[in-house]
Amino acid sequence: MLEFKNVSFKYDEDDYKMLENLSFTVDEGDFISIIGKSGCGKSTVFRLINGLEKAEKGEILVNGISIEKQKNYSAYMPQKDLLFPWRTIEQNICLSMEIQKKSRSQMHEKAEEMLKEVGLWDYRNKYPKDLSGGMRQRASFARTILSGCNLMLLDEPFSALDSLTKISLQEWLLEECKKHNKTVLFVTHDVEEAIFLSKKIFVITDRPVTHFEEVVVPLSDERKREDMKRGDIVELKESLIKKLRQEGEA
Amino acid sequence: MRKNIPALILAICLLALWQGIAMIINAPYILPTPVQIIIRLWELRETLFLVQLPATMSVTALGLVISIVLGIFLAVIMDMNKMIENALYPVIVASQTIPTTAIAPLFVLWFGYSIWSKVLVTILITFFPIAITVYDGFKGTSREMEELLITYGATKKDIFLKLKMPQALPNFFSAIKMAVPLSIIGAAIAEWLGAQSGLGYFSKRMMTQLDGAGVFAPVVLLSVVAMIIVGIINILENKIIKWRKEL
Ligand SMILES: Nc1ncnc2c1ncn2[C@@H]1O[C@H](COP(=O)(O)OP(=O)(O)OP(=O)(O)O)[C@@H](O)[C@H]1O
Ligand SMILES: [Mg+2]
């Protein structure tokens, strides 16, 4: 689905490399979390995938094709909801479809289905200012799904939410991704969130980033919140936290 | 409505004060009382409303429309191209140091007493705040929102239509609200300096006849018209921009 081949990258403003010879693959249908400490380059990886930055060296492939040769292959959901304040919720979630020049009736039909699914149907004609933080993230998620790409890049979508809203949205997100059969890359600071959501976790431990340390999460697709208390999961959590902290001290 | 009451009371007090002082001075050719002005306004209603006001308003309207088109055009091309921005911005700012009232007679020299000499003065005063305010609105767009649109495959045109334009809309309204009184001032100054009709011209003519209330009447009329137009724009703005956070 997604493949990095020996990718190196450096911001023009910086004098050090962010990524060096980074290679990794993501399979179709995977839910993968990327963790690492602040400033280690997680968002940079996303910017490379969605084409906002160009790799200095190496190649990025989506579905076996170089990203330079295609459009609309990935859907990016930023940390802030970035809903346009002058658009109603319905108009907001239609944004990507408008840019893809979909027909009005097609947009309307898809928007209706999605609004009902994310529980915002009653709010379709409201403006973002009238919604709570959790509702706004759901709207932002709906907008991301409606871009129609199978590869979703979610950059700390829940980090600004209170913990209760966060928990319910995590469960909701798992359902949604399964239902739409999306491949997800999910950046987070929260180790527990990463374990609960993902099949695999990529841990960033070095600088410049040369590899991801891959950790497989021993939980089934039918995971429950209670599973988080299991001995092996608690251990996994501790070891991940330790890894991140070690790197912080180094 | 309720929150306007203090302002209304203050305005009435100031008018009463004016009335009092003017009655004490008792020199209506210098300082007429508000009541005298209103009476004069009524006496002169035919020429003021049917001849002079339409003349001034056509200058104002023409100047305003051209300024809006020109201002927005300048804002758009400066936003589109860095080179144009670097070339134009300083020139536009410098144009504001031109003492308009001093060069207005030149326009009369070039264009005679035609409407264009007055329209030119109006444009010179009005286009600047429009260009700069709208331009600021374009520049104020969020980089992150722009990038989000780019990840959806948006073209420059998409970004302009879907992000920059709606983003700059409140700025556009503030610009217009600033521009309306300015364009009226511009028109009145131009008429004062050289014209054969219009409220500015009429006010000046009354001056030569030492008719104080006659000088004030057109000025009061202009102020009221400006207030009404700005009020209408406010209502329009609140109708169109519903998405703003209530303060
Ligand atoms: N546009 C940019 N130009 C130059 N340097 C940048 C730019 N964006 C990020 N950086 C630098 O690159 C480094 C990595 O940034 P990045 O946003 O990828 O980190 P991150 O892992 O997402 O961090 P966080 O968890 O805080 O979001 C940071 O040190 C940052 O200062
Ligand atoms: Mg980041």
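Two residues are in contact when heavy atoms of theirs lie within 4.5 Å. On that criterion, 20 residues of chain B are in contact with 24 residues of chain A. The structure is a predicted model, in which local features need pLDDT of at least 70 and side-chain atom pairs count only at pLDDT 80 or more, whereas totals for chains, interfaces and linings use all residues; side-chain values use heavy atoms, with hydrogens and water left out. Residues are numbered from 1 along each chain as its sequence is written, and chains are lettered from A, with ligands numbered from 1, in the order in which they are written.

**The interface of chains A and B**

The size of an interface is often given as the accessible area lost when the parts come together. Here the buried area, that is, the accessible area (1.4 Å probe) that two parts lose on being put together, summed over both, is about 2,100 Å² between chain B and chain A, and carbon and sulfur atoms give 67% of it. Within chain B, the residues that lose the most area to chain A are Tyr152(B), Lys162(B) and Trp243(B), which together account for 35% of what that side buries.

Four salt bridges are found across the interface of chain B and chain A, a salt bridge being a side-chain nitrogen of Lys or Arg within 4 Å of a carboxyl oxygen of Asp or Glu. One of them joins Asp158(B) to Lys101(A), with the closest N and O atoms 3.8 Å apart. The elements that give two or more residues to the side of chain B that touches chain A are α7 (143-151) and α8 (156-193) of chain B, where helices (H or I, at least four residues) and strands (E, at least two) are DSSP runs, numbered from the N terminus. The largest share of that side, seven residues, comes from α7(B). By class, the side of chain B that touches chain A divides into nine nonpolar, three polar and eight charged residues, with Ala, Val, Leu, Ile, Met, Phe, Trp, Tyr, Cys and Pro counted as nonpolar, Asp, Glu, Lys and Arg as charged, and the others, Gly among them, as polar.

A residue is called buried under 20% relative accessible area, exposed over 50%, and partly exposed in between (1.4 Å probe, protein chains only).

| Residue | Relative accessible area | Contacts beyond four places in sequence |
|---|---|---|
| Thr133(B) | 16% | Asn171(B), Ala175(B), Met178(B) |
| Gly194(B) | 5% | Val108(B), Tyr113(B) |

Thr133(B) is found in helix α6 (residues 115-139) of chain B, and a polar atom of its side chain lies 2.4 Å from the backbone oxygen of Pro129(B). Gly194(B), by contrast, is found in the loop between α8 and α9 (199-208) of chain B; its C-alpha atom is separated by 10.0 Å from that of Ser114(B), 80 residues apart along the chain.

**Two helices of chain A**

Helix α5 (residues 133-146) of chain A has 14 residues, which at 1.5 Å a residue should span 20 Å, in agreement with the 20 Å between its end C-alpha atoms; the expected span is 1.5 Å times one less than the number of residues. Eleven of the 14 residues of α5(A) are buried, so this helix is largely enclosed by the rest of the structure; the buried residues include Met135(A), Phe141(A) and Arg143(A). After α5(A) comes Gly148(A), whose phi is positive, near 80 degrees.

Helix α1 (residues 42-49) of chain A is mostly covered, with seven of its eight residues buried, among them Lys42(A), Phe46(A) and Arg47(A). Gly51(A), which follows α1(A), has a positive phi near 85 degrees.

Definitions and conventions:
A polar contact is a pair of N or O atoms within 3.5 Å; within protein, one must be able to donate a hydrogen and the other to accept it, and residues adjacent in sequence count only if both atoms are side-chain atoms.
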